[in-house]
There are 2 protein chains.
Amino acid sequence: MLISVDWGTTNARAWLLDDAGEVRLRASSKAGMGGLSQDEFPAALEALVGAWRADHPDVPVLLSGMVGAKGGWAEAGYVGCPFDANVLAEGLVEVAPGVRIVPGAKTLRTAGTQPVRDVMRGEEVQILGALAQEDDLTQLSLPGTHSKWVALSRGRALDFTTYMTGELFSLLAEESILSRSVGEPAATAFGTAFEDGVEVGRTTPVTSAIFGVRTRDVVGGLPARQNRAFLSGVLIGHEVANAVSAAPFTKIGLCGQGSLVALYARALKVLDADVVKIDVEAATLRGHRAVASAAGLLESGS
Amino acid sequence: MLISVDWGTTNARAWLLDDAGEVRLRASSKAGMGGLSQDEFPAALEALVGAWRADHPDVPVLLSGMVGAKGGWAEAGYVGCPFDANVLAEGLVEVAPGVRIVPGAKTLRTAGTQPVRDVMRGEEVQILGALAQEDDLTQLSLPGTHSKWVALSRGRALDFTTYMTGELFSLLAEESILSRSVGEPAATAFGTAFEDGVEVGRTTPVTSAIFGVRTRDVVGGLPARQNRAFLSGVLIGHEVANAVSAAPFTKIGLCGQGSLVALYARALKVLDADVVKIDVEAATLRGHRAVASAAGLLESGS
């Protein structure tokens, strides 16, 4: 058995997995890493999964996400690329008896003449889980506030790139001059405005393309709801076009929350790229099990 | 003679020019367009230049900038590209006896399969002024909150592109996750961090490149002041590299505020592009005189 905890900045989610990896119980909490001081983590874990541990005292607990960042329970560091489950297992940090934090991952690439570092924390587990589901993936897209694109080969993560797409969308839609030209979020359809944005984002320098949101309003007279979809399309289109052109002819996995995955799938369709959708919760749990297994924590036959 | 007023969102600046175009008097006010309702503009103008008009009752007054936007004194519209002084003169809107607002400019280009509009208001005057100083410029850079790059030929503006560089810098440095990794603005030198940023911004998708500010801090341990300069370099580098590559082998004019022009000149130097610096106040005044002359408002021999 295994207790798996995805512990982010604003919340924590926990699962009790049986020996077959099936979810027996689940729990969640608003006690995110961002709201806790270092000495409050043990009690927060007890509140989240204490009852499970009382019933199953020897079950190992794996934590991943911002809980392992500076300012979290303990800094779990970053493993380098390439990495797989064994590399992450070697980097586990035990913070209490039977409680271990999965490290993040880092990489280094060259931009022109400059070294550029990149980091992730939490996604490294989902990558392993995605590979456990589809072992021939060569690229994985993890949309979000800070989207990741990961190059994969034979069960390992070779390299990755972060795009600040989600955070930029929020800043521009809520805080910038463009906020006057976009409407409230809407669940209903908005025609082709998103795809129009993808087309502009893939073909135009993005810091210029986003100004098109304002001109659609000021001289185009287009409705605010469409302009919000257009802005989303520009930023996602910029991201996916760059990521796909950096590694063409790949088998792409797409792993994230439902509504965001739907938008990325639409953007990738504009680019004629095929994707395999991967459930993010399932990927998290498969990834935790892969790390636990590599660390010899599941030896009781699971 | 001419009274020239550059009336923006947050302030207004006015000059009394003699028949030779020399500045006789200058005045400024915090009564920007953004803080005035429509019926308050006449009194605000009177407060700014009423004394000059009392002394010189027949001197024409030209206003440019956001005063002519929707929500300003009166909407002065946008002329299309290409434009020169005659086109702007035809678009003047008289809002009070002898008081005229210069129109903005708009353009339309194609991004992939999509039409993309662009607009400017205020810069159109500076463009004419820059051409009055250097008539063989083929490209003009106007750095700012919403930077403009203008394609020029034989005294006319052919087309232009807006980059939201300045606004993005403010949002990212003050409101985003990157704000934790950049220091306060500093007047002192910061080594090559700006040039390093230009190198990354010219070679990397910009929504990815900016995340390098965080990794310089989190895993690189680089000081906050350098990271601020690096962020500036990434955004300006992205802009100038795209603008220069869109129109290589051009004679570039650079017109804006002192500290920003210095950064753009450094970025353009990284790209081996030569520039002619053009004083922004002189360009504004030369531009107003060109429009006034084309409109027949300077007929008394100036």
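In this predicted model, helices H8 and H9 of chain B cross in the right-handed sense. Helix H8 covers residues 224-246 and helix H9 covers residues 258-270. Their axes come within 10 Å and cross at roughly 65 degrees. From H8(B), the contact takes in B:Ser232, B:Gly233, B:Ile236, B:Gly237 and B:Val240. From H9(B), the residues are B:Leu263, B:Tyr264, B:Ala267 and B:Leu268. Six of the residues in this contact of H8(B) with H9(B) are nonpolar and three are polar; none is charged. An α-helix has 3.6 residues a turn, so residues three or four places apart point the same way.

B:Gly197 is found in helix H5 of chain B. B:Gly197 counts as buried because 31 C-beta neighbours lie inside 10 Å, and the cut-off for burial is 20 or more. Leaving aside residues up to four places away in sequence, B:Gly197 touches B:Ala229, B:Phe230, B:Leu231, B:Ser232, B:Gly233, B:Val234 and B:Gly237. B:Gly212 lies 15 residues from B:Gly197 along the chain, and their C-alpha atoms are separated by 9.1 Å.

B:Asp272 is found between H9 and strand E14 (275-279) of chain B. Its phi is near 60 degrees, a positive value in a residue other than glycine. B:Asp272 counts as exposed because it has 7 C-beta neighbours inside 10 Å. In chain A, A:Asp272 is found in the loop between helix H9 (258-270) and strand E14 (275-279). A:Asp272 has a positive phi of about 60 degrees. With 7 C-beta neighbours inside 10 Å, A:Asp272 counts as exposed.

In chain B, a cis bond joins B:Cys81 and B:Pro82, with omega about -5 degrees. B:Pro82 is found in the loop between strand E5 (78-79) and helix H2 (85-90) of chain B. In chain A, the bond from A:Cys81 to A:Pro82 is cis, with omega near -5 degrees. A:Pro82 is found in the loop between strand E5 (78-79) and helix H2 (85-90) of chain A.

Chain B contains an open sheet of six strands. The strand order is E3-E2-E1-E4-E7-E6, and the pairing is mixed. Strands E3 (23-29) and E6 (93-96) stand at the edges with a single partner strand each, so one side of each is left without a neighbour in the sheet. From one strand to the next, the twist averages 25 degrees. Strands E1 (residues 2-7) and E2 (residues 12-17) of chain B pair in the antiparallel sense over six bridges. In this pair, B:Ser4 stands opposite B:Trp15. Helix H1 (residues 41-55) of chain B packs on the sheet. H1(B) touches E1, E2, E3, E4, E6 and E7, and its direction makes about 150 degrees with that of E3(B). Helix H10 (residues 280-294) of chain B lies across E1, E2 and E4, at about 120 degrees to E1(B).

Strand E10 (residues 139-142) is joined to E11(B) by four bridges and runs antiparallel to it. B:Leu140 has B:Val150 as its bridge partner. E10(B) and E11(B) form a hairpin with four residues between them. Strand E12 (residues 156-163) is joined to E11(B) by seven bridges, again antiparallel. Here B:Lys148 stands opposite B:Thr162. The hairpin of E11(B) and E12(B) has two residues between the strands, and B:Arg154 takes a positive phi near 50 degrees.

The two chains meet through 43 residues of chain B and 44 residues of chain A. Elements that give two or more residues to the side of chain B include E8, E9, E12, H4 and H8. That side divides into 17 nonpolar, 17 polar and nine charged residues. In helix H4 (residues 165-175) of chain A, the buried residues include A:Leu168, A:Phe169 and A:Leu172. The buried residues of H4(A) pack against E11, E12 and H8 of chain A, together with H4 and H6 of chain B.

Chain B can be laid on chain A with an RMSD of 0.0 Å by a turn of 180 degrees and a shift of 0.0 Å along the axis. That is the relation of a two-fold axis. The same surface serves both copies, as 100% of the contact residues of chain B recur in chain A.

How values were computed: Residues are numbered from 1 along each chain as its sequence is written. Chains are lettered from A and ligands numbered from 1 in the order in which they are written. This is a predicted model: local features need pLDDT of at least 70, side-chain atom pairs count only at pLDDT 80 or more; totals for chains, interfaces and linings use all residues. Two strands pair if DSSP finds at least two bridges between them. Axes are lines fitted to C-alpha atoms, for helices over the stretch in contact, and angles run from 0 to 180 degrees between N-to-C directions. Two residues are in contact if their C-beta atoms, placed from the backbone, lie within 7 Å. A residue is buried if 20 or more other C-beta atoms lie within 10 Å of its own, exposed if 12 or fewer, and partly exposed in between; C-beta atoms are placed from the backbone. Copies are superposed by least squares on the C-alpha atoms of residues with pLDDT of at least 70 in both. A crossing is left-handed if the near helix is turned anticlockwise from the far one by less than a right angle, and right-handed if clockwise. Ala, Val, Leu, Ile, Met, Phe, Trp, Tyr, Cys and Pro count as nonpolar, Asp, Glu, Lys and Arg as charged, and the others, Gly among them, as polar.
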